[in-house]
Amino acid sequence: MTRAAARSSARPGATFSRLRRRCIALAAIGVSLATVSLAAGAAEAADRLPLDGDWAFQRMEGPATQAGKPPASGWRSVTLPHDWSIEAAPSPGAATGGGGGFFPAGTGWYRKTFDAPDNWRELEVAIYFEGVYRNAEVWLNGTRIGTHAYGYTPFRLPVSGHLKPGAENELAVRVTNEPQPNSRWYTGSGIYRPVWLEVRPPVHFAPDSVFVTTRALDEGKATIGISAAIANADRLQGGEQAVFTLAAPDGREIATEAVALARPEDGDSLAIALEIRVDDPEAWSPETPALYTLAATLRSGGGTLEESRHSVGLRTLTWSGERGLLLNGRPVVLFGGNVHHDNGPLGAAAYEEAEWRKVRLLKDAGFNAARTAHNPPSAAFLDAADRLGLFVVDEAFDGWAVRKTAHDYADIFPDNWEADLRAMVLRDRNHPSVVMWSIGNEVYERGNDEGIAIAHAMAAVVRQLDVSRPVTIGLNGLGPDADWSRLDSIFDALDAAGYNYELERHRADHRRRPNRLIYASESYQHEAFANWRIVEAHPYVVGDFVWSAIDYLGEAGIGRVFPPNEEARAHWVGDHYPYHGAVCGDIDLIGSRKPISHYRNIVWNRGEMLYAAVREPAPGGQAWNPTRWSVPPARASWTWPGNEGRDLTLDVYSRHPSVRVLQDGELVGEAPTTEAEAFRAEFTVPYRPGRLEVVAGADTFVLPSAGEPARLRFPDAESLRRAEDRRVHFAVVEIVDARGTWHPAADRPIGFRLDGGRILAVGSGDLASTESYRDNPRRSFEGRALVVFEVDSGARDVVLRAEAQGLEPAVLRLR
């Protein structure tokens, strides 16, 4: 059962009852401390108690009520994760502005009641929030127990002293996402990641302290290092042990080491360090993401006090300017893309299935790496990256002490940066997918002494917690007339240098700093070929991360193209409403790959050999005006009604030496597509409905014209049925003709009806729409729409129906 499935199927009352029965059973055999299994970071266990269901919520303006008591009325029921900003339509007057996608922000209250068993009087209880945007204030039973300002890092609040064992307890959370603007992209508002109740015995593994590294990995053996800390070790009675058991990917227990625990002479914490040797290891890599499981157990006499389980990937990382980045002793290239944290139509809500889907989309598009721009991702995203095989550059901040927007992280930087950086590294350091720690992005202090000092301080904090990965940053230059070498001092504080849009400077920098590891932390889409050639030719340049991998909310208008009669403007110039998001992704907001994605994959030689797309004709027969973040719009279709007789441009991408284009069986032309031509060719074809074929070697790519729109279709119906046990589903619907040919020019409102669940969101790839993602029906875009729905727990039959005027409906049945 997935963690999400456990959340949806295990009612809070049933979970508490199960834990109470376990505590009673232990007491019966004379064990004084309750056995609880907890998960942290990449850990997984059944008895870390989810607090995601049965919350009450309301929006509210004004100051907090006295003693943290929530308002008396006006509540509605919500389930976490929850983002209240996405529930409204974009509005040109929103305080978030174009950076926040013109969505509302403001203040919200949450509250939840839960029962605490009597047995918890002697245990340590904490509430763990994976992410709240932003400025969270938490009360338990009317007493404020803590606050947390940064919206992207987890935080844990001890509650034992305020808990009422044997009674009902009320948790209240006030979330203040104001003043605005406080970000350059869409943040969402609310408790948008999961919440957990953690219950531990008095003596336990300190949270986030179990850390596993691979110290050596050879053909037939591996050595892993394990460190941990015991909290409240001054309460040890004698005879306790910490036992570490490693299980192979197939579940076999292959090694066990035990450490006798003794009361520390000074303080209440006890550090543990040991090694485990593994024969015939299965190394983790994006191609073979094998995961072991480490069980960390505290034992006393014959009883278990506490156990946690952690996913472990056996893999080594080394790096140098001479050989580049080495995974398990072999050079690797990061075929990367930048991703924001939102999940498109769901807003910031970090549903587990949405995070896994995002990783699958990246992998299917040929990416082997993602940079989490510009904040730590959800734990579920990293879990998916571990299991599906995706490198991650884990980034902490967009800015430091100097602000980029009126009320961003600079407001809280001095008092919070170290704790937030530690929270990211401690949570994420057991994830084998994480290959770099990034401490910032285009920080405004990059060219002065203050920035250099901050970089050194941050690098020291990271290295104190983990030296097994390089520390990096993504920087752009200091202006067209500034000497790039002025950035040497800040890069010298780190292990790898991320260049934003200026990879061409690599040669001069390598001459000055031959040991520098370099990669394009951000690049324009049109640089795919040029950057690939740089990476191919120079081992010290280890990758390219395009801006961006997936369209995202906020930063409205970046990536848009302008019509011929309108001047192209950068996204920070003027007002781009009704755009409410960024259209610079290789993948659109609902998961469809754009032609540039296929071109990139062909350039990278990641498996695709041939693709073709037609450029959308611009008004008046002139050329589009793109910005640096955009490419001319195109789609893989030969359906262009209204353009009969007009010459259209066909772009062909190929890893074959040459290609031929045929229109209705007649040769249009032939052209080379070697590296000298950047693996692409361009053809002019007069439009008439029919059939285009692109032939290269044994491959043929066909673009048929669609007839009249006839029906709706769920193209992924079979894969949805194979995943019937998931809690949340993503169903794309297409408009097709009678033969089943996709019709991208027949957009209209599509409505959805669902039996056996609830619809969470409806979206399209149109980031200039003024509709809400809660609107149903919603207009399709280029013949496609997406519905996201949640299945009711215990539902036997789930039926989804898509309907549009004049079209035969589509029906999807899940059991």
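Predicted model: local features only at pLDDT ≥ 70, side-chain atom pairs only at ≥ 80, totals over all residues.

Q: Where does helix H4 lie, and how many of its residues are buried?

A: A general point comes first: an α-helix has 3.6 residues a turn, so residues three or four places apart point the same way. Helix H4 spans residues 379–388, and eight of its 10 residues are buried, so the helix is largely enclosed by the rest of the structure. The buried residues are Ala379, Ala380, Phe381, Leu382, Asp383, Ala384, Ala385 and Asp386.

Q: Which residue follows H4?

A: Glycine 389 comes after the helix, and its phi is positive, near 90°.

Q: Is glycine 93 buried or exposed?

A: The general idea is to compare relative accessible area with a cut-off: over 50% is exposed and under 20% is buried. Glycine 93 has 68% relative accessibility and therefore counts as exposed. This glycine sits in the loop between strand S4 (76–78) and strand S5 (106–116). Its C-alpha atom is 9.2 Å from that of proline 104, which is 11 residues apart from glycine 93 along the chain.

Q: Is serine 209 buried or exposed?

A: Serine 209 is buried, since its relative accessible area is 11%. Its place is the loop between strand S12 (204–205) and strand S13 (211–217).

Q: What does the side chain of serine 209 reach?

A: It reaches the backbone nitrogen of alanine 229, at 3.2 Å. When neighbours within four places in sequence are left aside, serine 209 is in contact with Ser227, Ala228, Ala229 and Arg429.

Q: How many salt bridges does the count come to?

A: The idea is to look for a side-chain nitrogen of Lys or Arg within 4 Å of a carboxyl oxygen of Asp or Glu. By this rule the count comes to 50. One of the pairs is aspartate 250 with arginine 252, whose closest N and O atoms are 2.7 Å apart. Aspartate 250 is exposed at 52% relative accessibility, while arginine 252 is partly exposed at 49%.

Q: Is glutamate 502 buried or exposed?

A: Glutamate 502 is buried, with a relative accessible area of 14%. Its side chain meets that of arginine 505 in a salt bridge of 2.7 Å, N to O. Arginine 505 counts as partly exposed, at 26% relative accessibility.

Q: With which residue does arginine 713 form a salt bridge?

A: The partner is glutamate 734, and the closest N and O atoms are 2.6 Å apart. Arginine 713 lies in strand S43 (residues 709–713) and glutamate 734 in strand S44 (residues 728–737), so the pair ties together parts that are 21 residues apart in sequence. Arginine 713 is partly exposed at 24% relative accessibility, and glutamate 734 is buried at 7%.

Terms used
Residues numbered from 1 in each chain as written. Heavy atoms only, no water. Buried < 20%, exposed > 50% of the residue type's maximum accessible area, 1.4 Å probe, protein only. Helix = DSSP H or I, 4+ residues; strand = E, 2+ residues; numbered from the N terminus. Polar contact = N/O pair within 3.5 Å; in protein donor to acceptor, adjacent residues only side chain to side chain. Contact = heavy atoms within 4.5 Å.
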